Amino acid sequence: MSLLVQDAAGVSLQEQVCRQIRGQILQGNLGVGQRLPASRALAAELGVARVTVEAAYARLEAEGYVSRKVGAGTFVAIDVLARFPVRASGGTAIAGPSQRGLSMQRTTLKAEGNAGLRACIPDMRAFPHEIWNGLQARILRQDSHNALMEYGDPQGCLPLRQAIAAYLAQSRGVRCHAGQVMILASSQQALQLLALTLLDAGDTAWVEDPGYHGARAALQAAGAVLQPVPLDEEGLAWDATCPSPRMIYVTPSHQYPLGMRMSLARRMALLTLARQHKAWIIEDDYDGEYQYDHKPLPALQGLDDTGCVLYVGTFSKVLFPGLRLAYVVAPESLMPALTSARRACDGHSSYLQQAVTADFIRQGHFGAHLRRMRLLYRSRRDCLLDALAPLADELQLVGFESGLQCAGLLPPGHEARLTPAVRQAGTQLRDLRSAHLGPQRVEGWMLGFAGLNHEEIKFETGRLIRTVQRELAKA
Ligand SMILES: Cc1ncc(COP(=O)(O)O)c(C=O)c1O
């Protein structure tokens, strides 16, 4: 309990003590049965006479707020939360959100649960917890100067940036050094910082359509005017009617949500276009580490010799999403602007988690974990494809050559008809309608397989098949 009384407040000290304790009880900060400090102790703390506190407690008792038991103390007597479940103040704000806040509320999709055929979820059960915990314990033991507890570099911890630069060069064909890497809390934060730092309100940003809702939200919040650009089997398929872009957001390794890979020819054409328009390309490589059926193509960043590509990667899919660590690789000349924006936002990510992640990579655990997960997810992907064979006539599976999910395409009219029944039956999945910005071009669902073992995949797909067959039989 914290009270503040002032001699010259124009209200007696006893009244001030009474009012503040009453206020705290009414706001629910002091709960029923909670013991108040002894009158002697509170008087000493406030610098007032004990008799003042005694008189205040007596009044509160007379009003029914507290009860006093000789030898035991003074206790809160009313259960304000039971009587007034909505607090008298604190529940309703003085005004509503800004236009920007309202627009974000409208356009941001609600989070789904972690279960079912939910897309983009890795298997946390298969994570090497013991290794991670061991590394963390060792780092904490060694941090005798408490360096990890101080404010750190907004660009991120150098050993982690070095480890990421080495990994990206070797595995993803990204050309960079640690000075070009910035550590962030998530890809989402990377998209936000890039949009805020590089776009002005009214600038045109191209987005894949269908595409990633998180990117749309970040670009829109920065005031960009979004231009939906359709896709073909080679990836983003723009034409001369698209207005000149300032920024282009793409997922070339595994398009979200349809899963195609941008061809080399299209990558080169996109780089040429970006150069001509002096536009930025954001390359979101959110799950490109998981390639099952083909060799990865070099990242757009590695093909770029003009400094227009901003490469975004995340540890959410390759380690675990609760870690909240991701990174952006950008031309070094942008780092002062990006680090200033990060300072204005939240300073930096947890140094302890950055240090653990750096050691996890440098000691070879990351590479081993990725190799193990690639095999595991591939077998789960195969299990999903087999299990959904009975729906082959209705559900065309695409984009399963890589990543943590694939897409199931439905004939026109089926998505709206089937989705409510599927959800009603307990299957969690994302529909493709929510991935569209313009008029819906493709119907279907995203089908996650990585977070489920074979039994769970069979259970989930069995339920989906039964629901779809039952609904189609009704027609
Ligand atoms: C295309 C795409 N980019 C980024 C992310 C999110 O990554 P993060 O958790 O780092 O924000 C996701 C998550 O599912 C995604 O689908």
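Buried means under 20% relative accessible area, exposed means over 50%, and partly exposed lies in between, with a 1.4 Å probe and protein chains only. With that in hand, welcome to a few close-up views of this chain. This is a predicted model, in which local features need pLDDT of at least 70 and side-chain atom pairs count only at pLDDT 80 or more, while totals for chains, interfaces and linings use all residues. Residues are numbered from 1 along each chain as its sequence is written, and side-chain values use heavy atoms, with hydrogens and water left out.

**View 1. The whole chain, before zooming in.**
The secondary structure of the chain comes to 16 helices and 15 strands; helices (H or I, at least four residues) and strands (E, at least two) are DSSP runs numbered from the N terminus. Along its principal axes, the C-alpha trace spans about 85 × 60 × 50 Å. Of the 475 residues, 51% count as buried. Among contacts between residues at least 6 apart in sequence, 72% join residues at least 24 apart, where contact means heavy atoms within 4.5 Å.

V5 is found in the segment before α1 (13-26). At 16% relative accessibility, V5 counts as buried. Leaving aside neighbours within four places in sequence, V5 is in contact with L13, Q16, V17, Q20, L46 and V48. An unreviewed UniProt entry lists residues 11-79 as "domain: HTH gntR-type"; UniProt positions are given in the numbering used here, feature names are shortened, and annotations may be inferred rather than shown by experiment. In the model, that span is 51% helix and 12% strand, and its end C-alpha atoms lie 28 Å apart.

**View 2. Helix α7 against helix α13.**
Two packed helices are described by the angle between their axes and the distance between the axes. Helix α7 (residues 158-171) and helix α13 (residues 351-362) pack at an angle of about 35°, with axes 8 Å apart. Here axes are lines fitted to C-alpha atoms, for helices over the stretch in contact, and angles run from 0 to 180 degrees between N-to-C directions. The crossing of α7 past α13 is left-handed, a term for a near helix turned anticlockwise from the far one by less than a right angle (right-handed if clockwise). On the α7 side, P159, L160, A163 and I164 take part, and they meet Q354, T357, A358, I361 and R362 of α13. By class, this contact of α7 with α13 has six nonpolar, two polar and one charged residues. Ala, Val, Leu, Ile, Met, Phe, Trp, Tyr, Cys and Pro count as nonpolar, Asp, Glu, Lys and Arg as charged, and the others, Gly among them, as polar.

H254 lies in the loop between β8 (247-250) and α10 (264-277). H254 is buried, with a relative accessible area of 1%. The side chains of H254 and D287 make a polar contact at 3.1 Å. A polar contact is a pair of N or O atoms within 3.5 Å; within protein, one must be able to donate a hydrogen and the other to accept it, and residues adjacent in sequence count only if both atoms are side-chain atoms. Not counting residues up to four places away in sequence, H254 touches G259, M260, Y286, D287, G399, S402, G403 and Q405. P257 is also found in the loop between β8 and α10, and a cis peptide bond, with omega about 15°, joins Y256 to P257.

Most residues other than glycine have a negative phi, and most peptide bonds are trans. The peptide bond from D209 to P210 is cis, with omega near 5°, and P210 is found in the loop between β4 (204-208) and α9 (213-221). C120 has a positive phi of about 65° although it is not a glycine. Its place is in the loop between α5 (99-107) and α6 (129-142), and at 13% relative accessibility C120 counts as buried. R324 also has a positive phi, near 55°, in the loop between β10 (309-314) and β11 (326-329). At 39% relative accessibility, R324 counts as partly exposed.
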